Amino acid sequence: AYTVTFPEAPGVAVGTPVRRSGVRIGEVVGIDLDEEANRVRVRVQLDPKHPPRKSDDVTITRGILSGDTSLDVVPQADPRTNVPLPLGPPYTPGDTIVGVSPLNARTLLGQAQSVLP
């Protein structure tokens, strides 16, 4: 089991699948709100054959048409070339992973405002 923290976790609930490359590797087994840290703690149970790596990002994904939510484990990419980074060492079971915030209207609006005069 691992804990992934997010600033918000829309659509995530117990039973939400965790996927790597579209393949289910686990599921959400618990979710808590940490009021002091202003974070959502999502506990996940993963297949031991597929541990998350320190070169991975964990992000919340929602299907546009289906509305289904999942946590996706994706390799980090070099921001200049968009080439995936080499595999990093695996996290140790019990570790806390900082998740990548899902895109939402507030985030997109903030990015658009920074570009417009």
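Helices (H or I, at least four residues) and strands (E, at least two) are defined as DSSP runs and numbered from the N terminus. On this basis the protein contains 1 helix and 7 strands, and the order of elements from the N terminus is β-β-β-β-β-β-β-α. The model is a predicted one, in which local features require pLDDT of at least 70 and side-chain atom pairs count only at pLDDT 80 or more, whereas totals for chains, interfaces and linings use all residues. Residues are numbered from 1 along each chain as its sequence is written, and side-chain values rest on heavy atoms, with hydrogens and water left out.

Strands of a sheet pair through backbone hydrogen bonds, either parallel or antiparallel. Two strands are taken to pair if DSSP finds at least two bridges between them. In this model an open sheet of 7 strands is found, with the order S5-S6-S2-S3-S4-S1-S7 and mixed pairing. Strand S5 (56-62) and strand S7 (96-98) each have a single partner strand and stand at the edges, so one side of each lacks a neighbour in the sheet. On average, neighbouring strands of this sheet are turned by 35 degrees against each other, direction ignored; the axes are lines fitted to C-alpha atoms, for helices over the stretch in contact, and angles run from 0 to 180 degrees between N-to-C directions.

The individual pairings include both senses. Strand S2 (residues 17-20) and S6 run parallel and are joined by 3 bridges, and Arg20 has Val73 as its bridge partner in S6. S1 and S4 run antiparallel, joined by 5 bridges, with Thr3 opposite Arg43 in S4. S3 and S4 are likewise paired in the antiparallel sense, over 8 bridges, and Val28 stands opposite Val44 in S4. A hairpin is formed by S3 and S4 with 4 residues between them, and Asn38 in the turn has a positive phi of about 55 degrees.

Of the 117 residues, 32% count as buried. In a regular strand the side chains alternate between the two faces of the sheet.

Gly30 lies in strand S3 (residues 23-34) and counts as buried because its relative accessibility is 4%. With contact taken as heavy atoms within 4.5 Å, Gly30 touches Val14, Arg41, Val42 and Arg43, leaving aside neighbours within four places in sequence. Val14 is 16 residues from Gly30 in sequence, and their C-alpha atoms are 5.5 Å apart. Among contacts in the protein between residues at least 6 apart in sequence, 57% join residues at least 24 apart.

A cavity is a set of points, on a 1 Å grid over the protein atoms alone, where a 1.4 Å probe fits but cannot get out; lining residues have an atom within 4 Å of a point. Points are joined across faces, edges and corners, and a volume is the space filled by probe spheres set on them. The search of the whole structure finds 1 cavity of 30 Å³ or more, and the largest cavity holds about 50 Å³ of space. Its lining consists of Tyr2, Val4, Val18, Val44, Leu46, Pro52, Val58, Leu71, Val73 and Ile97. Strand S1 (2-6), strand S4 (39-46) and strand S6 (69-75) are the elements giving two or more residues to this lining.

Note on methods
On a 1 Å grid over the protein atoms alone, a cavity is a set of points where a 1.4 Å probe fits but cannot get out, and a pocket is an open set with protein on both sides within 12 Å along at least five of seven lines; lining residues have an atom within 4 Å of a point. Buried means under 20% relative accessible area, exposed over 50%, partly exposed in between (1.4 Å probe, protein chains only).
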